[in-house]
Structure formats: C-alpha cells, structure tokens
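Please walk me through this structure in the viewer. Tell me what to select at each stop and what is there.

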Amino acid sequence: MESNTSLPTITNLTLQRRNKNRVNVFLDGEYAFSLQKITAAYLRIGQTLDEEKIAALHQGDGYERAKEAAVRLIEYRPRSTEEVRRRLRDKGYEPDVIEQAIDRLQELALLDDAAFARYWIEQRDSFKPRSARALSQELREKGLDRAVIEAALAETQFDEEDAALRAGQKKARTLTELSYEDFAKKLTGYLQRRGFHYGTVKEVVAQLWTANTAE
C-alpha cells in the first residue's frame, strides 16, 4: 500500500541579501528556514528532508551560530569559559549547543582558563595593580577554579608588596601636601580597598612617605 505522505523536497537555496553567511531553504516551493552557509553546504535542490534530518540541521545551525558568537566575544577580549557560557545562555542558545561550541573552542585553544587567568593577572598588574586576594575574587566571579587561579598567580610570579607599592605610587603623589597622619589614613584606605592586607599596606605607606618627603 502506498503512503499518502511524501517527504518535503528542497526546491531552492538562496543566500540572504543582508547576510551572505546564511542560506534560505525552500521546501516544496515555500520558504522553510535559514541556515549558516557551512551547515547548508551539503544540501542540494531536489533533496528530500525527513523530520530527523531537519532537526539535525537546526541543531548544527545552532552550534555554528553559538560558535561564531563565542568567537566574536573572544576577539573583543579574552574570556573565561564560564563568561562565554553565560553570554551564550543569555543569547538564548540551548545548553547542549553551548557545550558543543565550548568544547570546540577549547580544542582550538581559543578558550583556555589557565591562559585567561595569567592574562587577567598580568593586565591588572600592569595597569591597575591590586592584591592577590582581589585578583582571586575577580577571577572566581568569572567562573575560574581556585586551583587554576593559584597556579596562575605562581606562574606569573605575583609579588604582593610590589603590586601594593605600584598601586600606591600615583595616589601618593596627590597627597604630598598632607601631614603624615592624613597621608597615611588616605593611602591606607586606598590600598585596603584594593584588597591589600594591613601589614603590607603599613610597610608601603611608610616607604612612599619616605620617598615623597625625600623629593
């Protein structure tokens, strides 16, 4: 007995005018959906598509779009894996698609939490010095494991006192007209807000006061 149903047939494939990376797929003479060009690469006019194949195409399209969105994020600045995961989730991608995209980017070494932690520490140390405690908190908020953070601090040879000294130098130059008591109070608060421990702060404040008064 012959079936009364037939599978949808691809009757046209066209590039979108505004986005040349997407292909419009027409089934039985009508627009059905669009796909990334790489996902649609093996489709041909006259080809029939069952429900399973269409679902697989949508899955592949979601993966390609998620991967491209993640790459754009990383191109803007390095990101942690969890940052990328959160951003893709916010954009509405399905969890399995997100993980598939992340796995691929990790394979390509475009996502590497250890490298990201080193980058973050080095950037902060160069432009906005702060304590190891503050750096750890920032990286924890970006989803990094404590062990990864500790390894990065060790690998970058992070020096707490040197970071505190450099963090305080610019601020100290704005306090040169103050008495030692006011100088120490303002600089201590400034450094402690950047996470430095009181013992380190006390030594740095004394060093900077001596340096400023010697000038």
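Select Phe 116, Tyr 119 and Trp 120: these residues form one aromatic cluster. The model is a predicted one. A search of the whole structure finds five aromatic pairs. One of them is Phe 116 with Tyr 119, a tilted pair with 6.3 Å centre to centre and 35° between the planes. Both residues belong to helix α4 (residues 113-127), where they are three residues apart and therefore separated by about one helical turn. Now colour by accessibility. Phe 116 has a relative accessible area of 2% and is buried, whereas Tyr 119, at 27%, counts as partly exposed.

Next, select Tyr 180 and Trp 209. Their rings form an edge-to-face pair, 5.2 Å centre to centre with 75° between the planes. This pair links distant parts of the chain, with Tyr 180 in helix α8 (residues 180-192) and Trp 209 in helix α9 (residues 198-214), 29 residues apart. Tyr 180 has 36% relative accessibility and counts as partly exposed. Trp 209 is also partly exposed, with a relative accessible area of 23%.

For a contact of another kind, select Tyr 190 and Arg 194. Arg 194 lies over the face of Tyr 190, at 3.8 Å from the ring centre.

Move to the sheet and show residues 10-15, which are β1, then 22-27, which are β2, and then 30-36, which are β3. The three strands form an open sheet in the order β1-β2-β3, with antiparallel pairing. β1 and β3 are the edge strands, and each pairs on one side only. On average, neighbouring strands of this sheet are turned by 25° against each other, direction ignored.

How many bridges join β2 to β3? There are six, and the two strands run antiparallel. To step along this pairing, pick Val 23, whose bridge partner in β3 is Leu 35. Then pick Asn 24, which stands opposite Ser 34 in β3. At the turn, select Asp 28. The hairpin of β2 and β3 has two residues between the strands, and Asp 28 there takes a positive phi near 50°.

β1 and β2 pair in the antiparallel sense over five bridges.

The remaining stops are charged pairs. Side chains of opposite charge can pair when their charged atoms come close. A search of the whole structure finds 14 salt bridges.

Start with Asp 61 and Arg 22, which form a salt bridge whose closest N and O atoms are 3.2 Å apart. Asp 61 lies in helix α1 and Arg 22 in strand β2, so the pair ties together parts that are 39 residues apart in sequence. Are these two residues buried or exposed? Asp 61 and Arg 22 are both buried.

Select Glu 82 and Arg 85 next. The closest N and O atoms of this salt bridge are 2.7 Å apart. Both residues lie in helix α2 (residues 81-90), three residues apart, about one turn of the helix. Glu 82 has a relative accessible area of 18% and Arg 85 one of 19%. Both count as buried because the cut-off is under 20%.

Then go to Asp 125 and Arg 166. Their salt bridge has its closest N and O atoms 2.6 Å apart. Asp 125 is in helix α4 and Arg 166 in helix α7 (residues 160-173), 41 residues apart, so that distant parts of the chain are linked. Asp 125 is partly exposed, with a relative accessible area of 24%, and Arg 166 counts as partly exposed at 26%.

For the last stop, select Glu 82, Arg 85, Arg 86 and Glu 99. Salt bridges that share partners join these four residues into one network.

Terms used
Residues numbered from 1 in each chain as written. Predicted model: local features only at pLDDT ≥ 70, side-chain atom pairs only at ≥ 80, totals over all residues. Heavy atoms only, no water. Phe/Tyr/Trp six-rings, centres within 6.5 Å; stacked < 30°, edge-to-face > 60°. Helix = DSSP H or I, 4+ residues; strand = E, 2+ residues; numbered from the N terminus. Buried < 20%, exposed > 50% of the residue type's maximum accessible area, 1.4 Å probe, protein only. Lys NZ or Arg CZ within 6 Å of the ring centre and 35° of its normal. Pairing = 2+ DSSP bridges. Axes fitted to C-alpha atoms, helices over the stretch in contact; angles between N-to-C directions. Salt bridge = Lys/Arg side-chain N within 4 Å of Asp/Glu carboxyl O.
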